[in-house]
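Please look over the sequence and the three-dimensional structure shown below.

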Amino acid sequence: MMKTTRTNEANTTDWHESAFDIIRGLAAYTGSSLVEGLAEVVARYPDADLGTAFNHKQVGCKIWARDSLFESLGGNFNHIVVLGGWYGVLPAMFFDDSRFNIGMIESVDIDPEVAKVAETLNAGAGERFRAVSQDMYGLDYEASRPDLVINTSCEHIADLPAWLSLLPRGTQVLLQSNDYFSEPTHINCVPTLEAFKQQTALRHVAFAGALAMKKYTRFMVIGTV
């Protein structure tokens, strides 16, 4: 019988090197720009919290957002702004999806340390991706006039209506929140989808839905302010 275990020397190989080789192989097999970018992130930034960024719950919620957006507003966007973009996973998923034709995605995060990871993950998009290190309250939405603003962390915003009032009237938005009240950093959860719809007070709602998770339910609305 062939042994499947390796020598002790081989087992001491840094796992990042093995992960890089595996993911790079998957990139070659799938032709995915996202997987190719992920391989480079693993190689360059071994301390990045990829286990959280790419866990099944995070990815599942982003797939739900991406599919619901396409079904409700289509796939053609000139300028998308993603707030709280962190490592730029959602933009990478958009660029990796042939249904979407996007001119530019800006991934905005207040933490300047995440920009280099986001840029590496989205390197395949070239000049169509930009990581912005800024507070979302300091953005000039009127000047940039994005045709879609995405915020999937509305539970972290103390006064959601006040922030939404900064967006020019007619701006399309994709917003998510949840009912995970026991998480200390969640300062503005909502108990139901209806409560979230009332909180956002969108002028037009193209989509509203709930996604049941293990410990909480995530709510999403897509529409126009």
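Cysteine 61 has a relative accessibility of 5% and therefore counts as buried, a word used here for residues under 20% relative accessible area, with exposed meaning over 50% and partly exposed lying in between, for a 1.4 Å probe and protein chains only. Cysteine 61 is in no disulfide, a disulfide being a pair of cysteine sulfur atoms within 2.5 Å.

| Cysteine | Relative accessibility | Nearest cysteine sulfur |
|---|---|---|
| Cysteine 61 | 5% | cysteine 154, 13 Å |
| Cysteine 154 | 0% | cysteine 189, 11 Å |

This is a predicted model, in which local features need pLDDT of at least 70 and side-chain atom pairs count only at pLDDT 80 or more, while totals for chains, interfaces and linings use all residues. Residues are numbered from 1 along each chain as its sequence is written, and side-chain values use heavy atoms, with hydrogens and water left out.

Helix 3 covers residues 33-44; helices (H or I, at least four residues) and strands (E, at least two) are DSSP runs, numbered from the N terminus. The twelve residues of helix 3 reach 17 Å from the first C-alpha to the last, close to the expected 16 Å, a span calculated as 1.5 Å times one less than the number of residues. At the start of this helix, a side-chain oxygen of serine 32 comes to within 3.2 Å of the backbone nitrogen of leucine 34. Buried residues of helix 3 include Leu34, Leu38 and Val42. An α-helix has 3.6 residues a turn, so residues three or four places apart point the same way. The cover over the buried residues of helix 3 includes helix 2 (15-30), helix 4 (50-53), helix 6 (89-95) and helix 7 (115-121).

Aspartate 49 sits in the loop between helix 3 and helix 4 and, at 36% relative accessibility, counts as partly exposed. Apart from neighbours within four places in sequence, aspartate 49 is in contact (heavy atoms within 4.5 Å) with Trp86 and Tyr87.

Aspartate 109, by contrast, belongs to strand 2 (residues 101-109). Aspartate 109 is buried yet has no salt bridge, and the nearest side chain of opposite charge, lysine 62, is 10 Å away; a salt bridge is a side-chain nitrogen of Lys or Arg within 4 Å of a carboxyl oxygen of Asp or Glu. A polar atom of the aspartate 109 side chain does lie 3.0 Å from the backbone nitrogen of aspartate 111.

Notes. Lys and Arg count as positive and Asp and Glu as negative; His and the chain ends are not counted. A polar contact is a pair of N or O atoms within 3.5 Å; within protein, one must be able to donate a hydrogen and the other to accept it, and residues adjacent in sequence count only if both atoms are side-chain atoms.
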